[in-house]
Amino acid sequence: MLRKTGKRIAIWFLLGCLILQAGFVCMPMCVWAAPDVATPSYIVMEASTGQVVCEQDADSKRSPASITKIMTLLIIFEHLKSGRIRLEDQVTTSAYAKSMGGSQVFLEEGETQTLNTMIKCIAVASGNDASVAVAEYIAGSEGEFVKLMNEKAEELGMQNTHFEDCCGLTDSDGHYSSAKDVAIMSRELITKYPEVFEYTKIWMEDIEHKTAQGTSSFTLSSTNKLLKQYEWTTGLKTGSTSKALYCLSATADRDGMELIAVVMAAPDPKTRFQDAITLLNYGYSVSRMYTDDNKDPLPEQKVEGGIEDVVQLTYAGPFDYLDTQGSNLSEIQKEISLPDLVQAPVAEGDAIGEAVYKLNGTRIGSVSILAAKGVDRAEYKDYWKKVWILYLMKR
């Protein structure tokens, strides 16, 4: 009797273990504890998808201080890409630019530096004087440059942002942003212009002041202490004033995943950097990226009424999906959705269908499938040509 009872207990114990284990395996998602930080307003965003990993009070309007310069850098790099300005251009410091207080690189009135050097002064040392000098060079005045900044903010959907200067020195209530908006403009800058990292990764570098008083050397020292505290740091910008307290937009690249952690109104410099590290570590611990390069061949698409009967197809690009729920990404399924035929004319780049991605039966995203080349509508002579070709083939 005891032997039978012991066997039953053993069997029920094993069954319980199996059920418990199966329950853990079948759990659809993991619940992660929120990051423990002192900063009242923060956000973590994955750069390639723009997906938010975690956030707290991320839409509140706050004084951004010098992380304003992220938008200044974005406008600069847009103008560089357009060819309107070049890194070799000479930028002259005005009396107004020289008069800027706060963080500065002590440019003298009439002093000329290359745009390349001015960008270093902005990105590394957070030079207010350099920011205003470049703003004046691009737009004629700081006021006109700020108009460009606000136009860009509106274009990016930054709903809780308004700029009144190009460097963040003002304490005006009319100059504000939010953690989410800072992440949005940071993402735009680093994904469209990754060359900015050539500047934001600089820890220390000397420049030369050449003025009427002679030539002197000045050392640019990065305000971003994460460059020495967090090995995956790539940027981006610090800021602090008595109104804003301590702010930071921190970017990092770990194993090919780029994260942006924005902290605003941290109580002190040490907390600002430590909270950014905590947020980045949290982001990397809960995030898994699924990527499909979309290099697989696609079928030909039938075309009706065209000079050609089919058109080749191509993907609009790769597919990226960020999971923060502990899902099994190997279960992601890809479905190709195409019509039976399309009517000519077909222009190169026309959207023909889409690749739809699903996880556990739920749609998680898609990539458009495009015409790789154009197909013109067939005319009377084209039909005769087709008939003639068929006749010759049958002879």
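Begin by selecting Arg62, which at 23% relative accessibility counts as partly exposed, a label given to residues between buried (under 20% relative accessible area) and exposed (over 50%), using a 1.4 Å probe and protein chains only. The model in your viewer is predicted, so local features need pLDDT of at least 70 and side-chain atom pairs count only at pLDDT 80 or more, while totals for chains, interfaces and linings use all residues. Residues are numbered from 1 along each chain as its sequence is written, and side-chain values use heavy atoms, with hydrogens and water left out.

The structure holds 16 salt bridges, and another to select is the one between Lys180 and Glu55, at 3.6 Å from N to O. Lys180 lies in helix α7 (residues 179-192) and Glu55 in strand β2 (residues 52-56), so this pair ties together parts that are 125 residues apart in sequence. Helices (H or I, at least four residues) and strands (E, at least two) are DSSP runs, numbered from the N terminus.

Next, select Asp292 and Lys334, whose side chains meet in a salt bridge of 3.0 Å, N to O. This pair links distant parts of the chain, with Asp292 in strand β10 (residues 288-292) and Lys334 in strand β15 (residues 333-337), 42 residues apart. Is Asp292 buried or exposed? Asp292 is buried, with a relative accessible area of 15%, whereas Lys334 is partly exposed at 29%.

For a network of salt bridges, select Glu78, Lys152, Glu155, Glu188 and Lys192 together.

Turn now to the aromatic rings, where rings of Phe, Tyr and Trp (its six-membered ring) pair if their centres lie within 6.5 Å, and planes under 30 degrees apart count as stacked, over 60 as edge-to-face and the rest as tilted. The count by this rule comes to seven aromatic pairs. One of them joins Phe106 and Phe218 edge-to-face, with 5.9 Å from centre to centre and 70° between the planes.

Finally, select Phe77, Tyr193 and Tyr199, which ring pairs link into a cluster.

Terms used
A salt bridge is a side-chain nitrogen of Lys or Arg within 4 Å of a carboxyl oxygen of Asp or Glu.
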